[in-house]
Every structure is written in C-alpha cells, then in structure tokens.
Amino acid sequence: MIDVVVEDLTAATRDEVRALILDGLAEHWGAIDESLNPDLDDLLAYYRDGRTIVARDRRGEIVGTGTVVPRRRATAEVVRMSVRAEARGSGVGRRLVDELVATARRWGCDTVVLETTSTWTDVVAFYRRCGFVVTHVEEGALGSDTWFALDLRPTT
C-alpha cells in the first residue's frame with residue numbers, strides 16, 4: 001500500500017488535478033473532447049457545495065483525486081474520481097473513497113451514489129470491493145453507465 005496524504009483541493013493544485021483527470025479520461029477513451037467536461041475548467045467553483053480532495057505520495061506528487069457533492073434527500077454523489085495509472089492497485093483509490101464517504105457521513109447523508117462507464121470493468125470491480133452495490137445500468141450518449149449506491153445507515 002502506497003503512503004498518501006489526503007488534502008482538500010486548492011487553487012494552487014487545480015490545474016494539476018485537471019490534468020490528472022484528463023489523462024485518465026484519455027487513457028480510457030483514447031481522445032478527449034474537452035467540451036464534454038466543462039466542470040474541469042474550475043473544479044472549485046463548479047463543485048463549490050461539495051468537497052474535492054487530492055492524494056499526494058511521499059514525494060508530494062498528486063496521485064489521485066475525487067469529489068463528493070450533496071444531492072437530494074440525504075444523498076451525496078461521488079464524481080471525478082481519478083487515480084494516476086502507476087498508483088492504481090496501491091490503495092490510493094480506496095483511501096479517497098473512504099475519505100469521501102466519511103465526508104458524506106459528516107453531512108448526515110444516508111446514501112452515497114456514483115456512476116462509471118460500464119465497460120471499465122476494473123473500475124466497476126473496484127467500487128464493488130469498496131462496498132457499493134449496482135443499482136441500475138443506463139444507456140447514454142457515450143454508451144452504457146453503471147450506477148452504484150452505498151447505504152450509510154447503521155445496520156441493527
């Protein structure tokens with residue numbers, strides 16, 4: 001497991017995080033149409049009601065990011081999760097998910113939802129390992145998307 005420090009996104013790290021996310025999208029999609037990702041122009045402003053975090057390795061390099069935003073009725077949504085390719089499988093993604101879920105709990109949320117492209121089977125498997133359950137699959141303009149939920153209510 002790689003040692004990381006998790007911190008909030010700042011204006012100073014915004015461009016580096018944008019590049020990290022776009023690199024991950026390019027890896028999965030091949031080419032990137034930046035017009036499909038207007039939120040990346042300013043994550044701090046776009047998700048101002050949420051929390052965007054970054055993970056830094058021992059050298060201080062940003063190796064991952066993720067955002068959680070409040071939605072309707074005690075629900076939060078995880079968006080813009082990305083882990084640098086060479087850091088995948090090292091626990092960085094799990095550390096980010098755990099921190100984002102903890103944030104949703106502090107907000108009083110009962111559920112955390114997220115979606116990913118269905119053909120990204122490694123990502124689908126990752127979210128299942130994190131405890132998320134597939135709720136449904138939707139066909140969209142760019143293909144099939146798998147939706148997940150994580151119930152935060154205590155079990156009795």
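**Questions on a predicted model: sheet, helices and core**

Colleague: How many residues lie between β6 and β7 in their hairpin?

Modeller: In this predicted model, strands β6 and β7 form a hairpin. The two strands run antiparallel and are joined by 7 bridges. One of the bridge pairs sets V134 against F148 in β7. The number of residues between β6 and β7 is 2.

Colleague: Which residue in β7 stands opposite V133?

Modeller: V133 is found in strand β6. Not counting residues up to four places away in sequence, V133 touches W147, F148 and A149. Of the residues in β7, the one standing opposite V133 is A149.

Colleague: Is V133 buried or exposed?

Modeller: The relative accessible area of V133 is 52%. The threshold for an exposed residue is over 50%. V133 is therefore classed as exposed.

Colleague: What distance separates the C-alpha atoms of V133 and L150?

Modeller: V133 belongs to β6, and β6 is joined to β7 by 7 bridges. Along the chain, V133 and L150 are 17 residues apart. Their C-alpha atoms are separated by 6.4 Å.

Colleague: In which sense do β4 and β5 pair, parallel or antiparallel?

Modeller: Strands of a sheet pair through backbone hydrogen bonds, either parallel or antiparallel. β4 and β5 are linked over 3 bridges, and E77 stands opposite V113 in β5. Together with α3, these two strands make a right-handed β-α-β unit. The sense in which β4 and β5 pair is parallel.

Colleague: Which residue in β7 is the bridge partner of L114?

Modeller: β5 and β7 run antiparallel and are joined by 7 bridges. β5 is mostly covered, with 6 of its 7 residues buried. The bridge partner of L114 in β7 is F148.

Colleague: Why are the buried residues of α4 on the same side of the helix?

Modeller: The buried residues in α4 are V123, V124, F126 and Y127. They lie on the same side of α4 because they cover an arc around the axis of only 160°. These residues pack against α1, β4, α3, β5 and β7.

Colleague: Which exposed residues does the face of α4 turned away from its buried side carry?

Modeller: The buried side of α4 includes V123 and Y127. Just after the helix, G131 takes a positive phi of about 100°. The face of α4 turned away from the buried side carries the exposed residues T121, R128 and R129.

Colleague: Which element gives the most residues to the largest nonpolar core?

Modeller: The largest nonpolar core has 43 residues, and M81, V92, V97, Y127 and F132 touch the most other members. Among the elements that each supply at least two residues are α1 (14-29), β4 (75-83), α3 (92-106) and α4 (121-129). With 6 residues, the element that gives the most is α3.

Colleague: With which residues is M81 in contact, leaving aside its neighbours within four places in sequence?

Modeller: M81 is one of the core residues that touch the most other members. In soluble globular proteins, nonpolar side chains tend to be buried together. Sequence neighbours within four places aside, M81 is in contact with T65, G66, G93, L96, V97, L100, F126 and Y127.

Colleague: Where is A74 found?

Modeller: A74 has a positive phi of about 60° although it is not a glycine. With a relative accessible area of 29%, A74 is partly exposed. A74 is found in the loop between β3 and β4.

Colleague: In which strand is the place of R80?

Modeller: R80 is not a glycine, yet it has a positive phi of about 55°. The place of R80 is in strand β4.

Methods: Residues numbered from 1 in each chain as written. Predicted model: local features only at pLDDT ≥ 70, side-chain atom pairs only at ≥ 80, totals over all residues. Heavy atoms only, no water. Core = buried A, V, L, I, M, F, W, Y, C linked by side-chain atoms within 4.5 Å. Buried < 20%, exposed > 50% of the residue type's maximum accessible area, 1.4 Å probe, protein only. Helix = DSSP H or I, 4+ residues; strand = E, 2+ residues; numbered from the N terminus. Contact = heavy atoms within 4.5 Å. Pairing = 2+ DSSP bridges. Right-handed = clockwise from strand over helix to strand, strands pointing away. Arc of directions from axis to C-beta.
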